[in-house]
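Subject: A structure to look through

Dear colleague,

I am handing over a structure that I would like you to look at with care, and below it I have written out what was found. Please keep the sequence and the model open beside this message while you read.

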Amino acid sequence: MELRIFTEPQQGASYETLLAVAKAAEDLGFDAFFRSDHYLRMGSADGLPGPTDAWITLAGLARETTRIRLGTLMTAATFRLPGVLALQVAQVDQMSGGRIELGLGAGWYEEEHRAYGIPFPADRFARLEEQLAVVTGLWQTPVGETFSYDGEYYQLADSPALPKPAQSRVPVLIGGHGATRTPRLAARYAQEFNMPFSSVAETERQFGRVRAAAEAIGRAPDDLVYSNALVVCAGKDDADVARRAAAIGREVAELKEHGLAGTPAEVVDTIGRYAETGASRIYLQILDLDDLDHLELIAAEVQPQL
């Protein structure tokens, strides 16, 4: 079981804060540092000092880390044209020496689109499907050849399909709860399927749908990585757990029901139940980015038991 660190900087984090968390994650042996791709806070957080762009952040981290993998859960397809996104991700992959992963979703947070003047079309899922076709098509086009695409929403003519990523195949992550279209897209385009903030039972059902979708197109279901994203709130004892829960404005009981909360032994037990569904990777949503001791505790007392 791999543990990855997942941050929500729209809730309030500077680049320097994200850099500190990424470096700590790398030093402590976590597999990856991921961030959301949002431009507006959610809930009661003040969001100060303001949003940071996901791919500008990852470009900076690419040059200031050496081992840890870097990526998004999830970049919104509404934020960028697919040709530009393919170029950006390829460049950041080059800057990192081949450590980038692209989580791509349809986009859902209408308020942030209004706040920053970004169109929020009704047909976002159909646009996402075309984005996936364009981004992966550009990367897969051999050097010296061109790529063209004539879709309903995006048209490319004789693109040189450059630059290329450092990796021969940048891992693409697709996730979500959709029962039909989401598994179909994952089976066709993804190297990883991620189930966000869901119970063990919900996870098992959705993983089954993705496996069935892969089989339907002749792809081996085990060709995909299956993962979960879950909020984490660990403590050396009950008082420590309660303190961390209060710091992020959550209740311990609710966190234990819907995430990974409790002592290291409790967290390990819960992770084990997700592992039984086929998950081999957990994205630990860290909501208090100033609490680096939290990462140290997980690295010292949870990771070794996995």
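This is a predicted model: local features need pLDDT of at least 70, side-chain atom pairs count only at pLDDT 80 or more; totals for chains, interfaces and linings use all residues.

The largest cavity holds about 70 Å³ of space, where a cavity is, on a 1 Å grid over the protein atoms alone, a set of points where a 1.4 Å probe fits but cannot get out, and a lining residue has an atom within 4 Å of a point. Grid points are joined across faces, edges and corners, and a volume is the space filled by probe spheres set on the points. A search of the whole structure finds one cavity of 30 Å³ or more. The lining of the largest cavity consists of Val232, Cys233, Arg244, Ala247, Ile248, Ile286, Leu287, Asp288, Asp291 and His294.

Residues are numbered from 1 along each chain as its sequence is written, and side-chain values use heavy atoms, with hydrogens and water left out.

By class, the lining of the largest cavity has six nonpolar, one polar and three charged residues, given that Ala, Val, Leu, Ile, Met, Phe, Trp, Tyr, Cys and Pro count as nonpolar, Asp, Glu, Lys and Arg as charged, and the others, Gly among them, as polar. One of the lining residues, His294, belongs to helix α11 (residues 292-301). Histidine 294 is buried, with a relative accessible area of 5%; buried means under 20% relative accessible area, exposed over 50%, and partly exposed in between (1.4 Å probe, protein chains only). Leaving aside residues up to four places away in sequence, histidine 294 touches Val232, Cys233, Ala234, Arg244 and Ile286, a contact being heavy atoms within 4.5 Å.

There are also pockets to look at, and a pocket is an open set of grid points with protein on both sides within 12 Å along at least five of seven lines. The largest pocket has about 1300 Å³ of space, and among the 49 residues that line it, Glu8, His38, Met42, Phe197 and Gln285 lie nearest its centre. Phenylalanine 197 sits in the loop between β9 (192-196) and α7 (200-216), is partly exposed with a relative accessible area of 41%, and has a positive phi of about 50 degrees although it is not a glycine. The second largest pocket contains about 250 Å³ of space, and of its 18 lining residues the closest to its centre are Thr136, Gln140, Arg169, Tyr189 and Gln191.

Aspartate 53 caps the N-terminal end of α2, with a side-chain oxygen 3.0 Å from the backbone nitrogen of tryptophan 55. Among the residues that tryptophan 55 touches is Glu101, which is found in strand β5 and counts as buried at 3% relative accessibility. The side chain of glutamate 101 makes a polar contact with the side chain of arginine 69 (2.5 Å); a polar contact is a pair of N or O atoms within 3.5 Å, and within protein one must be able to donate a hydrogen and the other to accept it, while residues adjacent in sequence count only if both atoms are side-chain atoms.

Finally, two peptide bonds deserve a look: the one from leucine 48 to proline 49 is cis, with omega near 10 degrees, and the one from leucine 73 to methionine 74 is cis, with omega near -25 degrees.

With kind regards

Definitions and conventions
Helices (H or I, at least four residues) and strands (E, at least two) are DSSP runs, numbered from the N terminus.
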